[in-house]
Amino acid sequence: MESKTLNQTTLAILAPLLMLTGISGFLIPERYSPLSGATPYNLFHLIFGAIGLLLLSAKNDLWASLFNFLFGLIDLYQVLASVVGLTPIQYFHWTFADDVLHVLIGFALVIIGGRGLMRIWNGSTADQS
């Protein structure tokens, strides 16, 4: 069995979840969903889920770490944008549940991705899992 790093495992979980979130946003009527069902928001999840799956297929910890770190920053920006009223609030229509998930997932991804990037930057060959 192939050994994966923490970042590769995280991305292997995150990318399909992003895809499912995007798909469910189109299938569940917005009035029944605790999350935003805005079309641009659903497309955002589908596109980034597909990018994540593509990067995962490269089997490269640098790409997995970079994706996790940057997507975590994007998640944290979305919370800021939602609270302060920055773009793309007019398209994404975030809910309180979106904000909570973005804080939790965003911080986790920044920590996990940042740890992987630091390990790579410092030249460590030790697995981070």
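## Basis of the model

Residues are numbered from 1 along each chain as its sequence is written, and side-chain values use heavy atoms, with hydrogens and water left out. Because the model is predicted, local features need pLDDT of at least 70 and side-chain atom pairs count only at pLDDT 80 or more, while totals for chains, interfaces and linings use all residues.

## The largest pocket

The largest pocket holds about 240 Å³ of space; a pocket here is an open set of points on a 1 Å grid over the protein atoms alone, where a 1.4 Å probe fits, with protein on both sides within 12 Å along at least five of seven lines. Its lining consists of 14 residues, and Leu 18, Thr 21, His 45, Leu 101 and Ile 105 lie nearest the centre, where a lining residue has an atom within 4 Å of a point.

Two or more lining residues come from each of the helices H1 (6-27), H2 (39-57), H3 (61-84) and H5 (96-121), and H1 gives the largest share, five residues. Helices are DSSP runs (H or I, at least four residues) numbered from the N terminus.

Ile 23, Phe 26, Leu 27, Ile 28, Tyr 32, Leu 43, Ile 47 and Ile 51 make a nonpolar surface patch of about 790 Å², in which patch residues have over 30% relative accessible area and no salt bridge, and nonpolar side chains are joined within 5 Å. Ile 23, in helix H1, is partly exposed because its relative accessibility is 40%, between the limits of 20% and 50%.

Arg 119, in helix H5, is buried, with a relative accessible area of 14%, buried meaning under 20%.

Key:
Points joined across faces, edges and corners; volume = space filled by probe spheres on them. Patch = residues over 30% accessible without salt bridge, like charges linked within 9 Å, V, L, I, M, F, W, Y side chains within 5 Å. Areas by Shrake-Rupley, 256 points an atom, 1.4 Å probe, with all protein chains shown as cover. Salt bridge = Lys/Arg side-chain N within 4 Å of Asp/Glu carboxyl O. Buried < 20%, exposed > 50% of the residue type's maximum accessible area, 1.4 Å probe, protein only.
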